[in-house]
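Please take a moment with the sequence and the model shown here. The paragraphs after it will walk you through a few places in turn.

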Amino acid sequence: MGIGETPAERALQVDAPVVLELEPEKRSKERYRSVIRGWRAGDYVLMDLPKSKELQARMWRGQECVARFLSDGEAYGFASVILDWDDSKAFPHLRTGWPEVVEQVRIRKHERLAVDFPCAAAFPRLETVIDGALEDLSARGCKIVLPGGAAVVAGDVCTLSFDLPDGARIREAQGTVRSVAPGGQHTVLGCEIAEAQPEVEHAITL
């Protein structure tokens with residue numbers, strides 16, 4: 001930590017992806033993705049205004065919010081309030097109050113989320129892309145359901161592309177097939193998602 005530097009200043013980084021949640025006490029599932037653009041210590045944090053009309057309709061000055069972000073591979077979060085925003089074309093942005101506390105949070109590496117949405121799985125060995133469904137997603141693994149007869153074996157490298165319910169788009173997340181359970185109409189794969197993919201981890205865990 002630099003001389004006179006606060007924990008918040010040390011953690012906050014310009015151009016760091018951030019997820020903003022409104023009304024955190026209601027445990028809302030709406031998450032709005034943005035990017036930190038700067039701050040004035042003790043005053044405010046500046047970030048891009050997410051491109052969401054729904055967000056702007058729900059915001060008001062003084063509204064409580066929670067921001068979560070990654071910094072040097074670690075996950076952080078802080079509670080604050082919406083100060084103001086500007087939806088001009090030149091620089092659409094919003095400001096939250098300066099956080100009293102920035103907390104390091106545990107990445108949910110092993111917590112599985114019950115999901116069911118389309119996924120495209122590419123297998124270099126087979127030189128093909130197979131459309132299937134993604135289930136049981138975590139930051140380090142998932143279950144992929146493919147049509148029966150897919151010639152995939154344990155140890156195959158794969159890249160996964162899918163859209164998360166909150167609108168985040170994951171493209172070519174690197175993984176390895178760890179188990180294959182062939183069935184009649186479906187083949188179920190247990191896939192491990194490779195580490196050192198901060199953009200993928202950020203999208204899934206935050």
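Predicted model: local features only at pLDDT ≥ 70, side-chain atom pairs only at ≥ 80, totals over all residues.

Residues are numbered from 1 along each chain as its sequence is written, and side-chain values use heavy atoms, with hydrogens and water left out.

Let us start with the second largest pocket, which holds about 270 Å³ of space. A pocket here is found on a 1 Å grid over the protein atoms alone, as an open set of points where a 1.4 Å probe fits, with protein on both sides within 12 Å along at least five of seven lines; its lining residues have an atom within 4 Å of a point. Grid points are joined across faces, edges and corners, and the volume is the space filled by probe spheres set on the points. The lining has 14 residues, and those nearest the centre are Leu49, Pro50, Lys51, Ser52 and Pro92. Strand 2 (32-40) and helix 2 (53-58) each give at least two residues to this lining, with strand 2 making the largest contribution, three residues. Helices (H or I, at least four residues) and strands (E, at least two) are DSSP runs, numbered from the N terminus. By type, the lining residues are four nonpolar, four polar and six charged. In that scheme Ala, Val, Leu, Ile, Met, Phe, Trp, Tyr, Cys and Pro are nonpolar, Asp, Glu, Lys and Arg are charged, and the others, Gly among them, are polar.

Next, look at the cysteines. How many disulfides does the structure hold? There are zero disulfides, a disulfide being a pair of cysteine sulfur atoms within 2.5 Å. Cys119 is in no disulfide, and the nearest cysteine sulfur, in Cys142, is 6.5 Å away. The sulfur of Cys191 has its closest cysteine sulfur in Cys158, at 4.2 Å, which is too far for a bond. Cys119 is buried at 4% relative accessible area, and Cys191 is buried at 5%. Buried means under 20% relative accessible area, exposed over 50%, and partly exposed in between (1.4 Å probe, protein chains only).

Now for the backbone. Most residues other than glycine have a negative phi. Asp15, in the loop between helix 1 (7-11) and strand 1 (17-22), has a positive phi near 75 degrees. Glu172, in strand 12 (residues 169-182), also has a positive phi, near 60 degrees, and Glu172 is exposed, with a relative accessible area of 54%.

Two buried residues show who touches whom. Ser80 sits in strand 5 (residues 74-86) and is buried at 11% relative accessibility. Its side chain reaches the backbone oxygen of Gly97 at 2.7 Å. Leaving out residues up to four places away in sequence, Ser80 touches Gln63, Glu64, Cys65, Thr96, Gly97 and Trp98, where contact means heavy atoms within 4.5 Å. Thr187, in strand 13 (residues 186-193), is buried with a relative accessible area of 2%.

Gly149 lies in the loop between strand 10 (141-147) and strand 11 (157-163) and is exposed, at 68% relative accessibility. Gly149 and Pro182 are 33 residues apart in sequence, yet 7.5 Å apart in space, C-alpha to C-alpha.

Key
Polar contact = N/O pair within 3.5 Å; in protein donor to acceptor, adjacent residues only side chain to side chain.
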